[in-house]
Structures are given as C-alpha cells and as structure tokens.
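Hi,

Here's the structure I promised to pass on. Have a look at it first, and my notes follow below.

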Amino acid sequence: MQEDDRSSTVTCTVNGAETSLTGRPATAASAALRQQGLFSVRETCGLGVCGTCTVLLDGEPVSTCITPLYMLEGRDVRTVEGLEEDGELSDLQTQFTESQAFQCSFCTPGFLLSASALLESSTGDLDDAAIEEGLQGHLCRCGCYESIKEAVRSCAARSASRRAGSL
Ligand code: FES
Ligand code: FES
C-alpha cells in the first residue's frame, strides 16, 4: 500500500483557539504543532519513549511524535504554551521553579503536561509511587527526578488542603 502523500488540513482546538494544521495525514503531530510555533513540543527520540513531545489530547498525555496528524481532527490539544492561567504561570509551573525541578529544561514541558493531567485526576495527596506511575514515559537527562516529584507532591498537597478548606 502506498503512503498517502497528499496534504490535508486538520481542524482542532489548540490552547483554546480553533486552529488549522496542514500536512500529510501521517505526518507526526509534533511536526505540525511546531510549524505553528509551538516550540515547547520537542521531538527527541521519535519513538514514543522519552516524553519530550507530550501534549494533552482531550486532557490525556500523548506522545505526538508517534501520533499522526489526522488523529487531531476535532480534538482538544493543550501544550505548555496554554498552561498559564489568566496570563500567570500555573501553580505547578511556579512550583517547578521553586523546587528547582529542572536544569536544562528540555524535558520540562512534557513533565509539566503529564503532571498537570495527574493533578487534575487526583483528589488527594500523591505519594512517590503514584507520581512515578503518572510520569512514567518521561526521561530527564539531567536527573531532576527527585525535585520533579517534590514539585508535584507539593502541588497535590496544596490542592488537597484547598479542597478540604472549601468543604
Ligand atoms: S520524541 Fe516523542 S516520545 Fe520521544
Ligand atoms: S532538566 Fe535537562 S533533561 Fe530534564
């Protein structure tokens, strides 16, 4: 079977804005998003094993280097560029800075997005095992794993105490 090399346009929501992405249907979504200037989507391994190309697709982390462009049609895409809240860094982004959860920061967008999804889906404190499971598939070549876990743990504890306070 021959690969379809005709260009087509996919319409999806990217960081809250309706967006048209153009490319061959089998083009990696990471390449199409980078063409839109979303340079936080970083392609490294191209094999779905390092996590640097992660985005949230309908709220779930996916590796866009192995996600064909056509799969974005009608979906909601969030990248780190869309993680801010009212023009301010999110609680998690601020905590990453305070916990010094990065060195070169190449892996940081992917970690932030998967950690956001993890925090979104959890209702209480997160222990190390839960954080490691939620962030599996992300590699940090600078070895910042402990401070990344600390940042996520702090955010989870804050959210849990906010929730408890509002009961
Ligand atoms: S570049 Fe996509 S998982 Fe490594
Ligand atoms: S901070 Fe350098 S790869 Fe993670």
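Let's start with a pair of residues: T9 stands opposite T22 in β2. Before going on, some housekeeping: this is a predicted model, in which local features need pLDDT of at least 70, side-chain atom pairs count only at pLDDT 80 or more, and totals for chains, interfaces and linings use all residues. Residues are numbered from 1 along each chain as its sequence is written, chains are lettered from A and ligands numbered from 1 in the order in which they are written, and side-chain values use heavy atoms, with hydrogens and water left out.

Now back to the strands (DSSP runs of E, at least two residues, numbered from the N terminus). Strand β1 (residues 8-14) pairs with strand β2 (residues 17-23) in the antiparallel sense, over 7 bridges; pairing takes at least two DSSP bridges between two strands. The two make a hairpin with 2 residues between them, and N15 in its turn has a positive phi of about 50°. β1 also runs parallel to strand β5 (residues 76-78), joined to it by 2 bridges, and there V14 stands opposite V77.

There's another hairpin to look at. β3 and strand β4 (residues 60-63) are antiparallel, with 4 bridges, and L56 faces P61 in β4. Again 2 residues lie between the strands, and D58 takes a positive phi near 50°.

On to the domains. The assignment (automatic or from a database) gives domain 1 (8-81) and domain 2 (91-165). Their centres, taken over C-alpha atoms, are 22 Å apart. Domain 1 puts 15 residues into the contact and domain 2 puts in 14, where contact means heavy atoms within 4.5 Å.

How much area is buried between domain 1 and domain 2? About 1,200 Å², with carbon and sulfur atoms giving 65%; this is the accessible area (1.4 Å probe) that the two parts lose on being put together, summed over both. On the domain 1 side, R42, C50 and V80 supply 41% of what is buried, more than any other three residues.

Strand β3 (residues 54-57) gives the largest share of domain 1's touching side, 3 residues.

Cheers
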